[in-house]
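Subject: Structure handover

Hello,

Here is the structure I promised to pass on. Please load it before reading the notes.

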Amino acid sequence: MRDRHNIKKQTQRQNSMAKTLRISFELRNAYNVNSVIYALKQIFLIKKIIPESAYGMGNLKVLFNILALFKEITGAFIGKLFYIAVMIFMVSGLYKGVEQSDAYIHILFLLTFVGAMINTYLFNPSRDKYYAIVLLRMNAKEYAIVNYGYELIKVFVGFMLFGCILGGISGVPAYVNIIIPFFVVGAKLTSSAAGLYRYEKWQYDPNENSADKIKVISTLLLLLAAYGLPALKIIIPVQVSAVIMIVMIFTGILSIRKILTFDHYRTVYGKMLKEADVQIEKADNVKLEESRKAIQIDD
């Protein structure tokens, strides 16, 4: 009887999370669609053609929703392809006297820590979080975890696909190519959990857009080490990188519990999004009425 109750509760939780993810997609699509319509209406010749009722035109929104979905799918991979191909693969082939495979792993290894600090996905005060949590009053914890998991899946797939291809071309050992996607995700999980711990202990603002001196200095030093050391023919040994990668995978696994059990997402996001209320409206030059219209989801 208890097992049946637990299964039912787990099923309800999964359905709730699936619904949250679906609403997140619809939210982003609705915002993108209405933003495009709003932008077109600012053009002198076009604004007379597009009526105010365009925000509610079903056929037009279906077209834009298809385009938005295409953008979501391609954007999940094009960004990762550009990052790996340009910032790692192409640069790693420019150093003389250094094996490209060694330079590739060295750069990727250090840049991963940069990304773990400044691009966590969990602490980014984005528009979709603002609309969902501030305006729609959605469950902050569920929204944060569901969308964070979705972003990590995109990261993992992107690195597994393009990382293995470009890493293989660079001569990176196969076992390292397989470890890398888990390492990248593990580093982000570890960094996110550390941010939650710091918030609980010292009320530290985890906002990844904040100009934290330690974060800025650490980022600059890591970038300098990533691109500067290979020019001096100094490379972190592949074996050392691989060991640390495995360690980060385990710390990432341990960090999942903290991320799932943290109970102050509403407070944390409230602080992060406190200024977003003004900044988003000012950046978009849209009144609050337009913002509410932009997040309306069609039946």
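Predicted model: local features only at pLDDT ≥ 70, side-chain atom pairs only at ≥ 80, totals over all residues.

Residues are numbered from 1 along each chain as its sequence is written, and side-chain values use heavy atoms, with hydrogens and water left out.

**Overall**

The chain has 12 helices and zero strands. Helices here are DSSP runs of H or I with at least four residues, strands are runs of E with at least two, and both are numbered from the N terminus. Of the 299 residues, 43% count as buried. Buried means under 20% relative accessible area, exposed over 50%, partly exposed in between (1.4 Å probe, protein chains only). Of the contacts in the chain with a separation of 6 or more, 81% come from residues 24 or more positions apart. A contact means heavy atoms within 4.5 Å.

**Helix 6**

Helix 6 covers residues 140-170, 31 residues in total. From first C-alpha to last it reaches 42 Å, close to the 45 Å expected at 1.5 Å a residue. The expected span is 1.5 Å times one less than the number of residues. Helix 6 bends by about 30° at G163, taken as the angle between axes fitted to the seven residues ending there and the seven starting there. At its start, a side-chain oxygen of N139 comes within 3.1 Å of the backbone nitrogen of K141. G171 follows the helix, with a positive phi near 90°.

**Aromatics**

Rings of Phe, Tyr and Trp (its six-membered ring) pair if their centres lie within 6.5 Å; planes under 30 degrees apart are stacked, over 60 edge-to-face, the rest tilted. By this rule there are eight aromatic pairs. One of them is F109 with F113, edge-to-face at 5.1 Å centre to centre and 80° between the planes. The two are four residues apart in helix 4 (residues 100-118), so about one helical turn separates them. F109 is buried at 4% relative accessible area; F113 is partly exposed at 22%.

Y199 and F262 also pair edge-to-face, at 6.2 Å and 75°. This pair links distant parts of the chain, 63 residues apart. Y199 sits in helix 7 (residues 174-202), and F262 in the loop between helix 9 (238-261) and helix 10 (265-272). Y199 is buried at 5%, and F262 is buried at 1%. Y199, F262, Y265 and Y269 form one aromatic cluster.

Best regards

Methods. Polar contact = N/O pair within 3.5 Å; in protein donor to acceptor, adjacent residues only side chain to side chain.
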